[in-house]
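Q: I am new to this structure and would be grateful for a close look at a single part of it. Please keep to that part and to what surrounds it.
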Amino acid sequence: MTLLITIFAAIICTVIWYAGAYKSNMKVGFLCWLYWGASIMWFVDAIFKYAEIKAKFFNPAPLDMLNDSFLGLSVVAFGLLIWLINILITDPKGVIRENLFKKVEKTKLQSKN
């Protein structure tokens, strides 16, 4: 389930990027790399797990599937968090910088009065 969830997140993110977000400066490509990297990691994990337990790999217990689903959703949420922190730090549209300068100018004007 972790592999499926991260692959779906990577595909959705890639479609959004390809549909025009690559022209944007919101760094959706960065999010795509995060999800594709996680997908590759889970794919390698699935290969080794299959090599270890063979046919049982295709019949997981419901509790294992639930745990894997929570892990997959956690990975997607953590990827979004990393992307959001990256956006806030780099501030591609200058929104944070603009608001900070407005506050500084307001305090300067108030201190003069």
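The part I have in mind begins with Leu 4: in which helix does Leu 4 lie, and what is the relative accessible area of Leu 4?

A: Leu 4 lies in helix H1 of what is a predicted model. The relative accessible area of Leu 4 is 46%, so the residue counts as partly exposed, since that class lies between the 20% limit for buried and the 50% limit for exposed.

Leu 4 also belongs to a nonpolar surface patch of about 830 Å². The members of this patch are Met 1, Leu 4, Phe 8, Ile 11, Ile 12, Val 15, Ile 16, Trp 36 and Met 65. Helix H1 is the element that gives the most to the patch, with six residues.

The largest nonpolar core has eleven residues, among them Ile 5, Ala 9, Ala 10 and Cys 13, together with Val 28, Leu 31, Cys 32, Tyr 35, Val 76, Trp 83 and Ile 87.

The next helix, H2, spans residues 28–53. Helix H2 has 26 residues, and the distance from its first C-alpha to its last is 37 Å, close to the 38 Å expected at 1.5 Å a residue. Its buried residues are Val 28, Leu 31, Cys 32, Tyr 35, Ala 38, Ser 39, Trp 42 and Ala 46. What covers these buried residues includes H1 and H3.

Just after H2, Lys 54 takes a positive phi of about 55°; Lys 54 is a residue other than glycine. Lys 54 is found in the loop between H2 and helix H3, the latter being residues 62–90. With a relative accessibility of 47%, Lys 54 counts as partly exposed.

A positive phi is also found at Asp 91, where the angle is near 45°, again in a residue other than glycine. Asp 91 is placed in the loop between H3 and helix H4, which covers residues 95–112. Its relative accessibility is 9%, so Asp 91 counts as buried, whereas Lys 54 is partly exposed.

Definitions and conventions: Residues are numbered from 1 along each chain as its sequence is written. This is a predicted model: local features need pLDDT of at least 70, side-chain atom pairs count only at pLDDT 80 or more; totals for chains, interfaces and linings use all residues. Side-chain values use heavy atoms; hydrogens and water are left out. Helices (H or I, at least four residues) and strands (E, at least two) are DSSP runs, numbered from the N terminus. Buried means under 20% relative accessible area, exposed over 50%, partly exposed in between (1.4 Å probe, protein chains only). A nonpolar core is a set of buried Ala, Val, Leu, Ile, Met, Phe, Trp, Tyr and Cys residues joined through side-chain atoms within 4.5 Å. Patches are made of residues with over 30% relative accessible area and no salt bridge: like charges are joined within 9 Å, nonpolar side chains (Val, Leu, Ile, Met, Phe, Trp, Tyr) within 5 Å. Accessible areas come from the Shrake-Rupley method with a 1.4 Å probe; for residues, only the protein chains shown count as cover. A salt bridge is a side-chain nitrogen of Lys or Arg within 4 Å of a carboxyl oxygen of Asp or Glu. The expected span of a helix is 1.5 Å times one less than its number of residues. Contact means heavy atoms within 4.5 Å.
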